[in-house]
Amino acid sequence: MWRRIRPAEAAPVHTVTLVAALAAGLTTAVVLGEGMGPGLLLAALPAMVAAYAAARAAGRKARPWSLVWAAGCVALLTVPALRDAAWPSTLAILAAVLLAALALHGTRRWPGVLLGPLGFVDSAVTGVGWAWAGVRARGGGAGRERWVPVAKAAVVAVVLLIVFGALFASADAAFADLLGGLSPDIPVAEGPWRILLFLLGTVLALAFARTAAAPHRWDRMKRTPGKARSRVEWSLPLIVLNLLFAGFNAVQLAVLFGGYDTVLERTGLTYAEYARQGFWQLLWATVFVLGVIALALRWAPRGGAGDRRLVRSVLGTLCLLTLVVVASAVRRMDLYVDAYGLTRLRLSVVTMELWLGLVIVLLMAAGIAGGRWLARAVVGSAAATVLAFGLLSPDGIIAESNVTRYEQDGKLDLAYLRDLSADAAPYLDRLPEPRRSCALMGIRDQLREAEEAPWYATSLGEYRARAILRDRPVTATARECALLGAYGGRSE
């Protein structure tokens, strides 16, 4: 199997690919040493150029889906430039790696979707050897005549920039200030760290280029179907499961129309306890249903048109009933948020539940129209969800929800709001004093620890927070904030 999916021998590396890989390493060392921000996208662009040049040299043509994945990868890498919070940025980076694997490998089936990112590990090892062979081939003869003039010209250009840039900076203070803001200030003590970043950026760029030149052939992996079962053996457990789902959904509808007060009176639970009690179980039920459907399709009867109709009707019913479970889970979380406010965990899990509901809808569509596109649709929906999650600023949503809740009923968890990222500052700024200062105090301390980062390491959320705190500084004292519960003592 490994010999079947191993990439073919890559064509010799081109000079453009080598230069772009070195540029990716240099950009990584310069702009990522002080944080992410727009610098991550700046470091990724030369790596994309290296991959594109390697693919063109190998004679590969960009397919429409590869262009879609590449565009999605670029869009996801803008999230760290916009958001200060680490959790949506981390999700966006992981999703970008997945889309990059799909774009470079050109896979369309589940093995490639699941294993594609692992191909970068092998390409990182072989890519270094591939690049070294290209450098050695250019060490003499005709190759030397091509790259030596380019190297000389690059050295001369750098010298001219340094000399005349220094002269202009000493001649005009405004130009010197502009040049100082645009160019990085790298302390000597950070030399080993910058070298490590340079090597990491170069190796990753070579891995992407090597993959683009000769991708792993994941679609050659053969997946043997499971043994087909008889109609009764296959359908009986699923029909029983459908009846169980139908009974549960009937209770949910009865609660919806009968009102929560009656249920709370009978069960003895509080409003929030009833909402919290079932959400996690319903979330896991949705996840388990996806596993049940995958196994059911593997062992489904395949005798003819009648078997196909049976499979579609039974699994379609299960999907419809599961959508009601998804709606019930989301409603329960909505009730819990009304009682206790919105947090990162609650927002994350309800977003995941909604995405699982979308996957259920895609499965239903695949059952009607065929499932050749299902793997790409699931990946695309996941990437779109992560992108929307980051662009909408989850910490901002949480802060706005809690501030609105305070304006309506006077309840506010200052201890939790103090731990939000700088993305929450525009919404926390709406609070009255001294609660505003207490809520922003944590963000102020975070920004002080980070100091004033250069533009390529500063997200839009951090920039806005600094502007707010500069115009309207924190005025409350630690004692005032402690009395309001900002350190966990109480929650209003």
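**Salt bridges, rings and surface patches**

Analyst: In this predicted model, the side chains of D429 and R472 form a salt bridge, at 2.6 Å from N to O.

User: Where do D429 and R472 lie?

Analyst: D429 is in the loop between α20 and α21, and R472 is in the loop between α22 (460-471) and α23 (478-483), so the bridge ties together parts 43 residues apart in sequence.

User: Is D429 buried or exposed?

Analyst: D429 counts as buried, because its relative accessibility is 17% and the cut-off for buried is under 20%. R472, at 39%, counts as partly exposed.

User: How many salt bridges in the whole structure?

Analyst: The search finds 10. Among them is E407 with R430, at 3.3 Å from N to O. That pair links distant parts of the chain, with E407 in helix α18 (residues 394-409) and R430 in the loop between α20 (425-428) and α21 (435-450), 23 residues apart. R430 is partly exposed, with a relative accessible area of 36%.

User: What about R229 and E233?

Analyst: Their side chains also meet in a salt bridge, at 3.9 Å from N to O. R229 is partly exposed at 30% relative accessibility, and E233 is partly exposed at 48%.

User: Switching to rings. How many aromatic pairs are there?

Analyst: Six in the whole structure. One of them is W87 with F389: the ring centres are 5.3 Å apart and the planes stand at 80 degrees, so the pair is edge-to-face.

User: Which helices hold W87 and F389?

Analyst: W87 is in α6 (residues 86-105) and F389 in α17 (residues 374-391), so this pair ties together parts 302 residues apart in sequence. Both W87 and F389 are buried.

User: Now the surface. Which residues make up the nonpolar patch?

Analyst: V156, V159, L160, V163, F164 and F168, with about 540 Å² of accessible area together. L160 sits in helix α9 (residues 141-171) and counts as partly exposed at 44% relative accessibility.

User: And which residues gather in the patch of positive charge?

Analyst: R3, R4, R220 and K222. R220 is in the loop between α11 (191-213) and α12 (231-258), and its 43% relative accessibility makes it partly exposed.

User: Last one. Where is A327?

Analyst: In helix α15 (residues 305-340). A327 is partly exposed, with a relative accessible area of 48%.

Key
Residues numbered from 1 in each chain as written. Predicted model: local features only at pLDDT ≥ 70, side-chain atom pairs only at ≥ 80, totals over all residues. Heavy atoms only, no water. Patch = residues over 30% accessible without salt bridge, like charges linked within 9 Å, V, L, I, M, F, W, Y side chains within 5 Å. Areas by Shrake-Rupley, 256 points an atom, 1.4 Å probe, with all protein chains shown as cover. Salt bridge = Lys/Arg side-chain N within 4 Å of Asp/Glu carboxyl O. Lys, Arg positive; Asp, Glu negative; His and termini not counted. Charge placed at Lys NZ, Arg CZ, Asp CG, Glu CD. Helix = DSSP H or I, 4+ residues; strand = E, 2+ residues; numbered from the N terminus. Buried < 20%, exposed > 50% of the residue type's maximum accessible area, 1.4 Å probe, protein only. Phe/Tyr/Trp six-rings, centres within 6.5 Å; stacked < 30°, edge-to-face > 60°.
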